Amino acid sequence: MSLSTKLVRLIRADGPMTVEAFMRLCLHDPEFGYYATRPRLGADGDFLTAPLVSQMFGELIGLWAVDAWTRLGRPAPFRLVEMGPGDGALMSDLMRAARVIPSFRASAELWLVETSGPLIARQRETLAAHGPRWAGSLAEVPAGAPLVLIANELLDCLPARQFVRTAAGWAERRVGLDAQAALTFGLSPAPSGFLPPRGLENLPPGSLVEASPAQEALGAELGARIAADGGVAVFIDYGRDRPEPGDTLQALRAHRKVDVLTSAGEADLTVHADFPAFAAAARAAGAATTAITGQGDFLRALGLDLRAQALADARPDQADVIARQRHRLTSPDEMGTLFKVVCVHQAGLEVAGFAD
Ligand code: SAH
């Protein structure tokens with residue numbers, strides 16, 4: 001059996017499913033889900049992330065984390081948490097950079113929040129030296145100590161629902177079956193009481209909007225946690241910094257966009273991070289947030305240009321490679337503005353890297 005067969009059976013039994021349910025099965029179905037069975041990160045895999053583009057990314061996040069911990073008053077112990085650590089590259093580079101302040105490492109209790117069995121196995125190898133513990137969700141990381149939390153390309157895995165404005169009102173986009181029993185998109189009436197996301201109330205018919213209960217729930221959980229225990233959390237992802245309509249559901253296989261419906265379980269499937277809704281949920285739960293900032297501006301504020309120069313000075317033969325990596329991470333025609341950064345933090349704290 002394949003995930004497609006399983007989806008057809010589920011839809012026959014229960015009717016068309018929401019895009020949110022479809023995405024969750026594509027990523028996490030225990031038998032066939034992409035992350036549950038065959039995540040492939042890296043140049044010879046399906047997709048590349050910033051820490052895999054360059055070690056500079058994790059190193060700068062490492063210095064950011066040490067700085068944030070210092071501004072928190074160097075709490076000991078504190079929980080150093082990464083959500084969705086992939087193959088462990090970011091945390092490994094972070095820990096190397098953080099060695100400049102040995103008390104950071106000595107005070108950190110390292111937690112990895114991960115749901116993918118194959119990736120936990122990878123992290124067990126790459127991060128063995130740091131004695132990590134694993135949790136299946138943020139709630140499983142014990143409360144009672146401040147957090148320094150990082151997450152790169154995690155929000156885009158948290159599924160969204162999609163709603164379409166029709167002449168007759170709002171409808172929800174669902175995955176159902178066509179006459180040949182192949183997966184197809186369709187519409188059903190939106191649930192009664194449905195309200196479009198704030199700022200998107202007055203769109204013309206045909207417009208599509210997304211809302212991610214899972215992204216907002218994480219924002220709320222984190223906001224409450226930081227309000228109670230103190231700490232900071234930085235989220236980096238491709239996504240929007242203001243309410244915007246549009247279908248962002250995207251499947252990637254071998255670095256190419258592939259059809260969402262025919263690649264179920266065999267490709268990475270993402271939506272854009274909804275930073276405004278995520279940050280608003282964190283604030284409503286009692287934490288503060290920074291402005292939503294472009295990845296390029298954030299990394300430059302943390303000293304990317306200096307770091308790239310130092311690396312190139314040490315390895316002149318690699319200067320071109322390093323220049324290309326820097327371009328990839330920061331240029332507006334690459335990851336520099338499509339990728340955004342927001343920090344959730346305890347009230348009154350200032351954090352590095354943000355214009356405000
Ligand atoms: N941060 C890494 C990997 C990004 S891929 C990097 O930048 O390279 C997304 C990661 O999030 C994977 O590790 C995936 O298994 C994990 N993930 C996906 N859904 C998750 C969830 N609901 N909870 C925790 N981790 C999740």
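Modeller: In this predicted model, Glu-153 has a relative accessible area of 12% and is therefore classed as buried, where buried means under 20%, exposed means over 50% and partly exposed lies in between (1.4 Å probe, protein chains only). Local features are reported at pLDDT of at least 70 and side-chain atom pairs at pLDDT 80 or more, while totals for chains, interfaces and linings use all residues. Residues are numbered from 1 along each chain as its sequence is written, and side-chain values use heavy atoms, with hydrogens and water left out.

Glu-153 belongs to the loop that joins strand S5 (147-152) to strand S6 (161-166); helices (H or I, at least four residues) and strands (E, at least two) are DSSP runs, numbered from the N terminus. The backbone of Glu-153 has a phi near 55°, which is positive although the residue is not glycine. Most residues other than glycine have a negative phi, and most peptide bonds are trans. Ala-181 also shows a positive phi in a residue other than glycine, near 65°. It is placed in the loop from strand S7 (169-177) to strand S8 (183-189), and its relative accessible area of 27% makes Ala-181 partly exposed. As for the peptide bonds, the one running from Ala-76 to Pro-77 is cis, its omega being near -5°. Pro-77 itself is part of the loop that leads from helix H5 (55-71) to strand S2 (78-83).

The account now turns to the ligand. It has 20 residues around it, and the nearest of them are Thr-49, Gly-84, Gly-86, Glu-114 and Asn-152; a residue is counted here if one of its heavy atoms lies within 4 Å of the molecule. The side chain of Thr-49 supplies an N or O atom that stands 2.5 Å from an oxygen atom of the ligand. This is a polar contact, a pair of N or O atoms within 3.5 Å; within protein, one must be able to donate a hydrogen and the other to accept it, and residues adjacent in sequence count only if both atoms are side-chain atoms. From Gly-84, a backbone N or O atom is placed 2.7 Å from a nitrogen atom of the ligand. The ligand taken alone exposes 570 Å², of which the protein buries 94%; accessible areas come from the Shrake-Rupley method with a 1.4 Å probe.

Ala-50 is part of helix H4 (residues 50-53). At 0% relative accessibility it is buried, and its C-alpha atom is separated by 9.7 Å from that of Ala-89, 39 residues apart along the chain.

Asp-29 is situated in the loop linking helix H2 (19-28) and helix H3 (34-37). It is a buried residue, at 3% relative accessible area, and a polar atom of its side chain lies 2.9 Å from the backbone nitrogen of Phe-32.

With a relative accessibility of 8%, His-345 counts as buried. Its side chain reaches the backbone oxygen of Leu-349 at a distance of 3.4 Å. Leu-349 falls in the segment after S17 and is buried too, at 12% relative accessibility. Between the C-alpha atoms of Leu-349 and Ala-288 the separation is 8.6 Å, for two residues 61 apart along the chain.

Gly-294 is located in strand S16 (residues 293-294). Its relative accessible area of 18% makes Gly-294 buried. The C-alpha atom of Gly-294 is separated by 24 Å from that of Arg-256, and the two residues are 38 apart along the chain.
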